[in-house]
There are 2 protein chains.
Amino acid sequence: MAEKTVQGAQVVGRVAQLLRIVGRSPEGGAALPAIVEASGLTRPTVYRLLNSLAAEGLLDHHAETGTWHLGPEIYVLGAVAANRYAIEDLARPSLQRLADETGESAFLSIRRGDETVCLLRVEGSFPVRSFVLHEGVRFPLGVASAGLAIMAFLPEAEVDRLLDDGGTRGERFGPAHTAERIRANLEVTRRNGYTVNPGLILEGSWGMGAAVFDRQGNPAWALSLTGIEQRFRPERQEFLGKLLLEEAHKITQQLGEHASAR
Amino acid sequence: MAEKTVQGAQVVGRVAQLLRIVGRSPEGGAALPAIVEASGLTRPTVYRLLNSLAAEGLLDHHAETGTWHLGPEIYVLGAVAANRYAIEDLARPSLQRLADETGESAFLSIRRGDETVCLLRVEGSFPVRSFVLHEGVRFPLGVASAGLAIMAFLPEAEVDRLLDDGGTRGERFGPAHTAERIRANLEVTRRNGYTVNPGLILEGSWGMGAAVFDRQGNPAWALSLTGIEQRFRPERQEFLGKLLLEEAHKITQQLGEHASAR
DNA sequence: TCCACTTGTCCATAAGATGGACAGCACGGC
DNA sequence: GCCGTGCTGTCCATCTTATGGACAAGTGGA
């Protein structure tokens, strides 16, 4: 909503949209009908664009399954871009430690506009795991623990703008996501430093998160843990929260020290 | 050359081209006139496309310098794609070791079509360094040590096709890049396992490389070292070559063990 | 002051993306 | 065996939309 910046080459928008859709899909694979559905474009158009993107190496077309994946060019470009945006390397050890010490799965998410995108997932050892979150998955800020953790440290005006979405958030993610309940959660998050998502998206699938701050002090990333309700009882939350905050602080500090490109 | 696979959405080609141009630029930054020049498109078109790409987050426009960079969306997508194409993590320790033990700068390059793309660079300690190669830089196979190392282990027919380019290689990279001289180099490379580039691209700027093989046994990546001529004397080449082969083998083996997605 | 070289913008034109429609194939039910 | 359903791949007339020549305006150097 609210586009038209310059004059606009809207094919670019469609291309970006398709890349995002493919990137968001579960194990990196999406079939044509699903992409058509998700994009709202017509099938021939999607078909043509996907094929063109694959011809450029930006996508891959797995011949047997007919699924589309992010291609080697994206990987190559991403590797170059990573020189400018490199928390990943800093975060991986922290995720590993979180997963090792808690047994839950640990995640790094990044803020991207009004959404969070999951960048890294490290599996925990506990045999019951939630797959609501995985690499490429996006949620609006305010939904899921990563987005809540980030939102809690945004300026009030920003929060107001984000919460005022006309109710689509509730429709997509369930009635628990009202502006009031989110505000209440943010309040608690600010007090504790970490946030708790008590199965708001999927019943029984809990999560906790803590924000990581960039050099300007903005909450740009978040660490989070997910698992089943039984593993997030109040008495354990303190332990998990402390761990999350420790690792989040560690990364924030490393980012501060780290010399950045340009 | 030789396009037109399906029906083609050629904007996609232009978009991909621009992304590549920006990705290839020295410290990730390219100015508009340079991009216009490199792309062969007209200025308004490039301008419009770049702005649209930036609006989608695929590029970044640095306001002060007016330079264009790969954007956060590319980073995000690349991070997701990296799950499918992850030698990077395996290679980094090897590059570090190469750089530490030799003092030269060490590189990981990937084969992408008929080119190699540099993915990672680890600086060596030796105070005179070559900057011919850095992240995002592409060379045709057969030019630069990484591309030679890969080419040496391609099927003969493939080599023939690659060498038969009508002389543009020589024009772009200097007269040392004739088919005959490359063939001779490949011959030596096959015998030694590693390749030596004796300043073919830039006089005095030498390099050595060794191929890394994927699970199917294809040479898909290469490790390489670069530095000044004086550091690549014949008596030292054996030492450097041995190191390169060791690390290349190590990565090849790890890739074989590693369970891959899909 | 003038020149060279930028960035940003407009708009008539024509290139080319679009999408309805159809062919062909694979699967499953009856 | 036959029909229905859902898929991929392709065509092409239509009209959306990308294109690029041209111009305004700003900057810096000589």
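Predicted model: local features only at pLDDT ≥ 70, side-chain atom pairs only at ≥ 80, totals over all residues.

User: OK. How many salt bridges over all chains?

Analyst: The structure holds 44.

User: And how many across the interface of chain A and chain B?

Analyst: Nine salt bridges cross that interface.

User: Give me one. Which side chain meets B:E73 in a salt bridge?

Analyst: That of A:R20, at 3.9 Å from N to O. The pair runs between chains, from helix α1 of chain A to helix α4 (residues 72-81) of chain B.

User: Is A:R20 buried or exposed?

Analyst: A:R20 is buried, at a relative accessible area of 18%. The cut-off for buried is under 20%. B:E73 is buried too, with 3%.

User: Which side chain of chain B meets A:R20 at 3.0 Å?

Analyst: B:E56, again through a salt bridge, N to O.

User: Let's look at pairs inside chain B. What does B:R183 bridge to?

Analyst: B:D160, with the closest N and O atoms 3.0 Å apart. B:R183 sits in helix α9 (residues 179-192) and B:D160 in helix α7 (residues 156-163), so the bridge ties together parts of chain B that are 23 residues apart in sequence.

User: How accessible is B:R183?

Analyst: B:R183 is partly exposed, at 35% relative accessibility. B:D160 also counts as partly exposed, at 35%.

User: And B:K250, what is its partner?

Analyst: B:E247, with 3.2 Å between the closest N and O atoms. Both lie in helix α10 (residues 234-257) of chain B. They are three residues apart, about one turn of the helix.

User: Which residues do shared partners join into one network?

Analyst: A:R20, A:R112, A:E115, A:R138, B:E56 and B:E73. Salt bridges with shared partners link them.

User: Back to the interface. What area is buried between chain A and chain B?

Analyst: About 5100 Å². Carbon and sulfur atoms give 65% of that. The contact takes 58 residues from chain A and 57 from chain B.

User: How many residue pairs are in polar contact there?

Analyst: Six, counting pairs with both residues at pLDDT 80 or more.

User: Which elements of chain A give two or more residues to that side?

Analyst: The helices are α1 (10-24), α3 (43-55), α4 (72-81) and α5 (88-102). The strands are β2 (59-62), β3 (67-70), β4 and β5 (115-122).

User: Which one gives the most?

Analyst: α4(A), with ten residues.

User: How do the residues on that side divide by type?

Analyst: On chain A, 29 are nonpolar, 15 polar and 14 charged.

User: Now symmetry. What rotation superposes chain A on chain B?

Analyst: One of 180°, with 0.0 Å of shift along its axis and an RMSD of 0.1 Å. That is the relation of a two-fold axis.

User: Which C-alpha of chain A is nearest the axis?

Analyst: That of A:G78, 1.9 Å from the axis. The same surface serves both copies, with 98% of the contact residues of chain A recurring in chain B.

User: Switching to single residues. Where does A:S105 lie?

Analyst: A:S105 lies in strand β4 (residues 105-112) of chain A. A:S105 is buried, at 2% relative accessible area.

User: What lies 3.3 Å from a polar atom of the A:S105 side chain?

Analyst: The backbone nitrogen of A:G124.

User: Leaving aside neighbours within four places in sequence, what is A:S105 in contact with?

Analyst: A:R121, A:V122, A:E123 and A:G124, then A:R129, then A:S224, A:L225 and A:T226.

How values were computed. Residues numbered from 1 in each chain as written. Chains lettered and ligands numbered in written order. Heavy atoms only, no water. Helix = DSSP H or I, 4+ residues; strand = E, 2+ residues; numbered from the N terminus. Buried < 20%, exposed > 50% of the residue type's maximum accessible area, 1.4 Å probe, protein only. Polar contact = N/O pair within 3.5 Å; in protein donor to acceptor, adjacent residues only side chain to side chain. Contact = heavy atoms within 4.5 Å. Buried area = accessible area lost by both parts, 1.4 Å probe. Salt bridge = Lys/Arg side-chain N within 4 Å of Asp/Glu carboxyl O. Nonpolar A, V, L, I, M, F, W, Y, C, P; charged D, E, K, R; others polar. Least-squares fit on C-alpha atoms with pLDDT ≥ 70 in both.
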